[in-house]
Protein chains: 2
Amino acid sequence: MVGAGQLARMTYQAAIALGVELRVLATDAGDAAVRAGAPHAVGSAASLADLRAFAARADVLTFDHERVPPEHLAALEAEGVRLAPGAAPKLLAQDKLVARRRLRELGFPVPPFALASTRWEVEEFGAEHGWPLIAKAPRGGYDGQGVQELPAPCRPAAPLLLEPRLELERELAVLVARAPGGESVAYPVAETVQHEAMCREIVVPAPIPDALAAEATGLATAVTEAIGATGVVAVELFVTRDGLLVNELALRPHNSGHYTIEGCVTSQFEQHLRAVLDLPLGSAALVARAVATVNVVGPADGSDPAERLAAALAVPGAHVHLYGKAPRPGRKLGHVTVCGDDPEPTRAAARTAAALLEGRA
Amino acid sequence: MVGAGQLARMTYQAAIALGVELRVLATDAGDAAVRAGAPHAVGSAASLADLRAFAARADVLTFDHERVPPEHLAALEAEGVRLAPGAAPKLLAQDKLVARRRLRELGFPVPPFALASTRWEVEEFGAEHGWPLIAKAPRGGYDGQGVQELPAPCRPAAPLLLEPRLELERELAVLVARAPGGESVAYPVAETVQHEAMCREIVVPAPIPDALAAEATGLATAVTEAIGATGVVAVELFVTRDGLLVNELALRPHNSGHYTIEGCVTSQFEQHLRAVLDLPLGSAALVARAVATVNVVGPADGSDPAERLAAALAVPGAHVHLYGKAPRPGRKLGHVTVCGDDPEPTRAAARTAAALLEGRA
C-alpha cells in the first residue's frame with residue numbers, strides 16, 4: 001500500500017486478522033501505519049524510482065491516498081506491475097476535471113462545470129450560473145484544500161475547475177467494493193456531514209427515502225462498474241432539488257466508511273484487501289439499526305486527544321479509534337463509532353465521545 | 001505483555017485502535033504478536049532478569065499465558081512493579097492445586113480433589129470416587145497436556161492432583177473483566193466444546209436455561225471478585241447433575257472469548273487493556289442473537305490453512321482470524337467466528353469455514 005496514514009493503519013489492522021502481509025510505503029517512520037507496526041519502506045510516492053523499488057517486493061500495489069502522479073502509475077502498469085485499482089480508473093480520483101468529463105461522457109449526472117484559464121471564462125460561467133462560484137484545483141486537493149469561493153470574476157493563476165454553488169439538501173457517500181472479476185458489493189448509503197469542508201460525521205443508514213437510497217446505491221454501483229475500479233470506491237453524491245449528482249470519487253478506503261469497522265459484517269478495510277487480492281468479497285450488511293461515526297480533530301490548543309481517552313471510553317458503546325498521529329489543530333487524529341437502535345441517541349453518543357476527546361465537553 | 005502468542009497478537013490489534021503502546025516479551029522474533037508488528041523484547045518469561053528488564057520500560061505488566069514462575073511475580077511485585085493481575089490472584093491460574101484449595105476455602109463449588117504423592121494416596125482416592133481417575137500436574141498443563149487417566153492404582157512420579165472422572169452435561173466459560181477499583185463486567189455465558197482435551201468450538205449464548213446462566217454469571221463474578229483479579233478472567237465451569245463446579249481459571253484473555261471480537265460490543269482484548277490500564281470498562285453485551293467460534297488447528301499433513309483462505313472467505317459471514325504461526329499438526333493456527341440470528345446455521349457456517357481452512361471440506 002502506497003501511503004501510511006490512518007487508512008493504511010486501519011487496513012493493516014484488517015491484514016493482521018487475515019494473516020495477509022501488507023507493506024506500506026511511508027514518507028516517514030512516524031507515519032500512522034508504521035506506528036501500528038506495519039512493515040514499511042520509507043520513500044516518496046512522487047518518485048518513480050521509489051515506487052518501482054517498493055513494487056518489486058509486492059504481488060499487487062494499492063493506495064491509501066490519491067497523490068501518486070498518474071504518469072508514474074501508467075509507467076508502472078506498462079512495466080507489468082499489478083495495480084489495484086489500475087491507473088486509468090485511479091485517475092478519476094486524482095483529477096476532478098478528468099472525472100467530471102468522463103462521468104458526464106458515461107451518462108452519469110454531475111454538477112455543471114467548466115475549466116477556466118482566463119478571466120473571460122470565469123465571467124462567462126458566472127454569468128450563466130450566478131455568483132459566487134466554487135473554484136477547485138483539478139488535482140491535489142482534499143478536505144477542502146484547493147477549494148475557494150469566487151464572489152466575482154478574476155483571472156485564475158492556474159486553470160480552475162468551476163462549478164455553481166449548489167443548494168444541497170444533503171451529501172451522501174456510498175462505498176462499493178469491486179473485485180478484479182467484476183463482482184461488486186455495495187455498502188449502505190451514508191450521510192456525510194461536513195464542517196469547514198471536512199467530513200466530520202457519518203450517519204448510517206442515511207435518513208432518506210428508500211427509493212432515493214436505492215437510486216444512490218444503483219448509481220454508485222454503476223459508476224464503479226463503468227470505470228472498472230478494483231478495491232473499495234467511495235462515491236460522494238450531492239442530493240439537490242433536481243436529484244442526485246456525482247461529486248467526487250475516492251478509489252481507496254475512505255473516511256466515510258470508517259463506520260463499517262463495527263457497523264458492518266465486513267469492514268471497508270478488510271473488504272479492500274479482499275478485493276485487491278481477488279479473494280471472495282464479504283457481506284456489507286449493517287449489524288445494527290443505526291451507526292454513527294464522528295471524526296476526532298486536533299483541538300486549537302494543540303493538545304492530544306489521547307490524554308482524554310478515559311473520558312471517551314466512559315461513554316456507553318463508544319468505539320474509540322486513535323491514529324497515533326502527532327496532534328496538530330485541525331488534523332484528523334481519530335474517530336468514534338457508536339452502533340445503536342435509534343439514530344438520534346446513537347449520533348449523540350458518538351458526538352459526546354468525540355467532543356470529550358477534543359476537550360470540548 | 002509477557003508472552004507474544006495469538007492472545008498477545010489480538011490484544012495488540014486492540015491496542016492499535018486505542019492508541020495504547022503495547023510491548024510484548026517474546027521468546028522469538030517469529031512469535032505471533034511480533035509478526036503482527038508489536039514492539040517487542042526477546043527474552044524468557046522464566047528469567048527474572050529478563051522480566052525485570054522488560055518491566056523497567058512499562059507502566060504495568062500483564063500476561064498472555066500462565067507460565068511466569070510465581071516466585072518471579074512475587075519478586076517483581078515486591079520490587080514495586082505493577083502487575084495486572086497481581087501475583088496472588090495469578091497463582092490461581094498457575095497452580096491447579098492452589099486454585100482448588102483456595103476456591104473451596106472461599107466456599108465455591110469445586111470437583112472433589114486430592115493431592116497424591118504415594119500409591120496409597122492414589123488408591124484411597126480411587127476407592128472413594130471410583131476408577132478411572134483423572135490425574136493432573138498441578139502446574140504447567142494446558143490444552144490437555146499434563147492430564148492423564150489412571151485406570152488403576154499407581155505410584156506417581158511426581159505429586160498429582162486427582163479428581164474423579166465426572167459425568168459432565170456441558171462445559172461453560174464465563175469471562176469477567178475486573179478493574180483495579182473493583183468494577184466488573186461479565187460476558188454472556190459460552191458453551192465450550194472440547195475435542196481431544198482442546199477447546200474447539202465456542203457457542204454463545206450457551207443453550208442452557210436462564211436460571212443456570214444467571215447462576216454461572218453470578219458464580220464467575222463472585223470468584224473474580226473474591227480472588228481480587230485485575231483484567232480479564234476466564235472462569236471454566238462444569239455442568240454436572242449436581243450443579244455447577246468451578247474447574248479452572250485463566251487470568252488473561254482466553255480462547256473461549258475469541259467470539260467477543262465480532263460478537264460483543266467490547267472485545268475481550270480491548271476490555272483486558274481497559275481493565276489493566278484502569279480505563280472505564282466497556283459493554284460486554286452481544287451484538288447478535290447467536291455467535292459461534294471454531295478453532296482452526298494445523299492439519300495432519302502439515303499444510304498451512306492460510307493457503308485455503310479464499311475458500312473460507314467464501315462462507316457468508318465468516319470472520320477469519322489467522323495467527324501467522326508456522327503450521328504444525330494439532331497447533332492452534334486461527335479461528336473463525338460467525339454472528340447470526342439462529343444458533344444452528346451460525347455454528348454450521350463457522351464449522352464449514354474452519355473445516356475448509358483445515359482442508360477437511
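Trainee: Which residues make the contact between α4(B) and α5(B)?

Mentor: Pro70(B), Leu73(B), Ala74(B) and Glu77(B) of α4(B) meet Ala87(B), Lys90(B), Leu91(B) and Gln94(B) of α5(B), where contact means heavy atoms within 4.5 Å. Keep in mind that this is a predicted model, in which local features need pLDDT of at least 70, side-chain atom pairs count only at pLDDT 80 or more, and totals for chains, interfaces and linings use all residues. Side-chain values use heavy atoms, leaving out hydrogens and water, residues are numbered from 1 along each chain as its sequence is written, and chains are lettered from A and ligands numbered from 1 in the order in which they are written.

Trainee: How many residues of that contact are nonpolar, polar and charged?

Mentor: The contact of α4(B) with α5(B) divides into five nonpolar, one polar and two charged residues. Ala, Val, Leu, Ile, Met, Phe, Trp, Tyr, Cys and Pro count as nonpolar, Asp, Glu, Lys and Arg as charged, and the others, Gly among them, as polar.

Trainee: Why are these two called roughly antiparallel?

Mentor: Helix α4 (residues 70–78) and helix α5 (residues 87–94) of chain B pack at about 170°, their axes 10 Å apart. Angles run from 0 to 180 degrees between N-to-C directions, and axes are lines fitted to C-alpha atoms, for helices over the stretch in contact. Under 35 degrees counts as roughly parallel, over 145 as roughly antiparallel, 65 to 115 as roughly perpendicular and the rest as oblique. α4(B) and α5(B) are therefore roughly antiparallel to each other.

Trainee: What makes α1(A) and α1(B) roughly antiparallel?

Mentor: Both helices span residues 6–18, and they pack at about 165° with their axes 11 Å apart. That angle makes α1(A) roughly antiparallel to α1(B). Arg9(A), Gln13(A), Ile16(A) and Ala17(A) form the contact with Arg9(B), Gln13(B), Ile16(B) and Ala17(B).

Trainee: Which hand does the crossing of α1(A) and α1(B) have?

Mentor: α1(A) passes α1(B) in a left-handed crossing. The word applies if the near helix is turned anticlockwise from the far one by less than a right angle; clockwise would be right-handed.

Trainee: How do you know what kind of axis relates the two chains?

Mentor: Chain B is superposed on chain A by a rotation of 180° with 0.0 Å of shift along its axis, at an RMSD of 0.0 Å. That is the relation of a two-fold axis. In chain B, Gly37(B) has the C-alpha nearest the axis, 2.0 Å from it.

Trainee: What makes β3 and β5 of chain A edge strands?

Mentor: The open sheet has four strands in the order β3-β6-β4-β5 (chain A), paired antiparallel. β3 (114–116) and β5 (147–150) of chain A each have a single partner strand, so one side of each lacks a neighbour in the sheet. From one strand to the next, the twist averages 35°. Helices (H or I, at least four residues) and strands (E, at least two) are DSSP runs, numbered from the N terminus.

Trainee: How many bridges join β4(A) and β6(A)?

Mentor: Four bridges join β4 (residues 133–136) to β6 (residues 160–164) in chain A, running antiparallel. Two strands pair if DSSP finds at least two bridges between them, so β4(A) and β6(A) qualify. Leu133(A) stands opposite Pro164(A) in β6(A).

Trainee: Which helices pack on this sheet?

Mentor: Helix α6 (residues 96–105) of chain A lies across β3, β4 and β6 of chain A at about 55° to β6(A). Helix α7 (residues 119–129) of chain A touches β3, β4, β5 and β6 of chain A, and its direction makes about 15° with that of β6(A).

Key: Copies are superposed by least squares on the C-alpha atoms of residues with pLDDT of at least 70 in both.
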